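Colleague: Please pick a single part of this model and take me through it closely. I'd like to hear what it touches and what it pairs with.

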Amino acid sequence: FDSNESDLKKLFEEFGMIEHALVVTDKATGMPKGTAFVKFKSEESCKNCLEVASLATENGGNNIFLSENQLVLNGRNLNVIEAVDKSKAERLKIEGSLDKAARKDKRNIYLANEGLLIESEEAAEQTPQSDLDKRR
């Protein structure tokens, strides 16, 4: 974690004018926590950054390159995502939980790894009928 706010600004200024860049530090040690925030002066610059960060391209060989939502600065991958306010985060959380509820129940998937039990075998006699039905 040898990058500082000026390194961060230098990297992200390629996408537009920066209002501020903040490297989050631990209060007790003063060391970077591995999280940072960059605020662009315009929404267009932010969108440009997110779009470019999602492309797999090289950038001049100056130890900064882009690859699948990853910016690399001084040998460290930066995961670039858009920060959202609390209300939007709550909406996203609710949407995510709705998606989870819509997915198929996978709690008994381990039964597929146990193999097929033929009802006439001894092992099948000790297995509940509901489990036998799931193995078919």
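**A close look at strand 2**

Modeller: Strand 2 gives the most to the lining of the largest pocket, eight residues in all. This is a predicted model, in which local features need pLDDT of at least 70, side-chain atom pairs need 80 or more, and totals for chains, interfaces and linings use all residues. Numbering runs from 1 along each chain as its sequence is written, and side-chain values use heavy atoms, without hydrogens or water.

The pocket holds about 910 Å³ of space, counted as the volume filled by probe spheres set on its grid points. A pocket here is an open set of points on a 1 Å grid where a 1.4 Å probe fits, with protein on both sides within 12 Å along at least five of seven lines; lining residues have an atom within 4 Å of a point. Among its 29 lining residues, Thr35, Ala36, Phe37, Val38 and Asn79 are the closest to the centre.

Finally, Lys39 forms a salt bridge (Lys or Arg side-chain nitrogen within 4 Å of an Asp or Glu carboxyl oxygen) with Glu19, at 3.7 Å between the closest N and O atoms.

Terms used:
Helices (H or I, at least four residues) and strands (E, at least two) are DSSP runs, numbered from the N terminus.
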